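Me: I should like to learn how to read a structure of this kind. Please take me through it one feature at a time.

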Amino acid sequence: MATRGKEPLAPQTTAILAGSKGVFGRLSTSASRSFHLIVKSKSGLIGLVILAFFTLIAIFGPLIAPQDPMASSSYSSDILAPPSTAHWLGTDNIGRDVLSELLYGARISMIVGFAAALVSAVIGSLVGISAGYFGGWTERILTVIDDWFLVIPFLPLAIVLSQVLDDWAKSAPFGSTLVLIVVIGLTGWAGTSRIIRSQVLSVKERMFIERAQALGASHAWIIRRQILPNVLPLIFANTVLIIAIAILTESTLSFLGLGDPNKFSWGGMLNAANDSGAMALGAWWFFIPPGVCIVLVVISFTMVGYAIEEIVNPKLRERK
Amino acid sequence: MRVVLSKSLVALGTLVFVLVFNFFLFRVASDPELDIRRNNRLTPQQQEALIEERGLREPVFTQFRIYIGDTLTGDFDTSYTSGRPVLTEIREALPNTILLVGSATVLAALIGTWLGVVAGSRRGTTSDTVITQGSLILYSMPEFWLGMVMIWLLASTIGAFPTGLKTDPGADLTGLSYVINVLQHAALPIIVLTLGLLGQYVVIMRSALTDVMNEDFVTTARAVGLPRHRVLRGHAVRNALLPTVTLIALNLGFVVSGAITIEALFSWPGIGQLTVEAIDANDIPMLQGIFLVTSVAVIFANLVADLAITYLDPRIRVG
């Protein structure tokens, strides 16, 4: 692309620049504008509807669940029973209602996905902005660390980290869940920081930054008031895509037995189904529903993420 | 030559970083002495000897020196569970993993690239939509769940494949019958892995081809009157293959770690199975060794990918 005085800005980015509200006010303006644009794209709308459905389940699931799968009263001799009017999705290997587990599991899967993506977004943005804005040795060192996290085989790293943090996980109240969040967050930020850094590099060259510097604005002020608003939409799009990956990773780690043994998650259900030989016994109701939920949620986040990315990055829009 | 040298230096730097990180994670962030003490497979004398040998009561810097020396000479500690050297266990498991992930990578690259060309050259048609949506669904699917569904349908219900392991248990097989038996057992995990890897090849080929199709030289070739398939094969696809080459090289690095859940699911005796056993037994030296070996594989693959692209793409080589 030829270097011009002004790069084309996404409409909501211009709006953010003009707005005088705080960062969060501006983010919400940008979010509500993005919302209208997402709804306009068909796959974005489908994604949003599915996500709204699963968010409701994550919040109210335990209230509408037929039984509490955590309670010992939920155990029954009705082991791996096929779907019936009593148990719509049958029972698991110790006679618990699969539908209830599925409804309870939504909460952990969604919370871990959201929180881990948030951790990734915060680390990625901090590293990306510092590297892009300060340049020099800061950038060089941060880029080396970034490269390393991009290169390192991420599942073995996550496994190793959660194993090392295992002792600590057992002592804290939400230990295992927290460890999952931290581990997934720590292993997933490198891509974000790479994208943010290159955006910051291009924002930094614009006139208004130079003007602010000339007027004696501090680094903190420039980053907060001028850099951040310009990269926020990108961070937002990237975070939505990362939630999808975080939910997949959560299910993988739980499947490998690294999740919280006292909480239900979709990956944990698949682990239990595999351990109890549900496939050999033909108990499809035990492992098909959690997998379908994971796929639906991951696809939806990906579709919404792509829709947002297209809004944020005008280049992608032109291509279509 | 300068490019090769500087890229190799970067890879070496990353390797050093991995070693340091590995040391801190296992010797400083966790408590290896406690892990050894807890290991009831060792007698108290053996525990004491191990702590002494690893220098776990020495100052951190001395410990670091011992660790680096041990690692560079290929002494990766002893597995807590089997009592055998970690490196021996990894070396035995590696060929099995390479068979699985290696064949899946080759198959996925071939099929995925082909599907990507089909989709990219017919943008907007039904076949494009089907291929693209299919890739998105495959990409959003946990591999191990796809494996579970396949085991249920193809292995347990129809009985077309064995449900797991590398060979029939108890069978004393030799020669050709052994090879056939192994291939029968490997087939289903390879299919699942191939489907898991397929999506990214489709997506990357489709988008690269779309970019190239808009280039001037393609328009020229068409304007000159070359038939569509010749433009596609001789001009567009050739140039669009570059990102795929990078992806193949990068994925080859993940050959070592790529099949952890699938191996666990199919009880396939590779690195992944080793990892899962180490998780269950809290076998820290094993995990540490696996992490190191997988990291080295990925760093090496990255270097190869970089060099391959430099060689294949004159724009990078010259400029």
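Me: What percentage of the 320 residues of chain A count as buried?

Reply: A residue is buried if 20 or more other C-beta atoms, placed from the backbone, lie within 10 Å of its own, exposed if 12 or fewer, and partly exposed in between. In chain A, 47% of the 320 residues count as buried. Please note that this is a predicted model, in which local features need pLDDT of at least 70, side-chain atom pairs count only at pLDDT 80 or more, and totals for chains, interfaces and linings use all residues. Residues are numbered from 1 along each chain as its sequence is written, while chains are lettered from A and ligands numbered from 1 in the order in which they are written.

Me: How many helices and strands are there in chain A?

Reply: Helices (H or I, at least four residues) and strands (E, at least two) are DSSP runs, numbered from the N terminus. Chain A has 14 helices and zero strands.

Me: Is Arg206(A) buried or partly exposed, and why?

Reply: Arg206(A) is partly exposed, because 14 other C-beta atoms lie within 10 Å. Arg206(A) sits in the loop between helix H9 (190–204) and helix H10 (207–214) of chain A.

Me: Which residues does Ala246(A) touch?

Reply: Two residues are in contact if their C-beta atoms, placed from the backbone, lie within 7 Å. Leaving aside residues up to four places away in sequence, Ala246(A) touches Val112(A), Gly113(A), Ala116(A), Ala117(A), Ile184(A) and Gly188(A).

Me: How many residues does each chain bring to the contact?

Reply: Chain B brings 36 residues and chain A brings 32 residues. On the side of chain B that touches chain A, H14(B) gives the most, with eight residues.

Me: How does one judge the length of H7(B), and where is its kink centred?

Reply: The expected span of a helix is 1.5 Å times one less than its number of residues. The 15 residues of H7(B) should therefore span 21 Å, and the end C-alpha atoms are 20 Å apart, which agrees. The bend at a residue is the angle between axes fitted to the seven residues ending there and the seven starting there. H7(B) has a kink of about 35°, centred on Ile151(B). Ile151(B) is among the buried residues of H7(B), which also include Trp145(B) and Met148(B).

Me: What average pLDDT does chain B have?

Reply: pLDDT is the predictor's confidence in each residue, from 0 to 100. Chain B averages 81, and 95% of the residues score at least 70.
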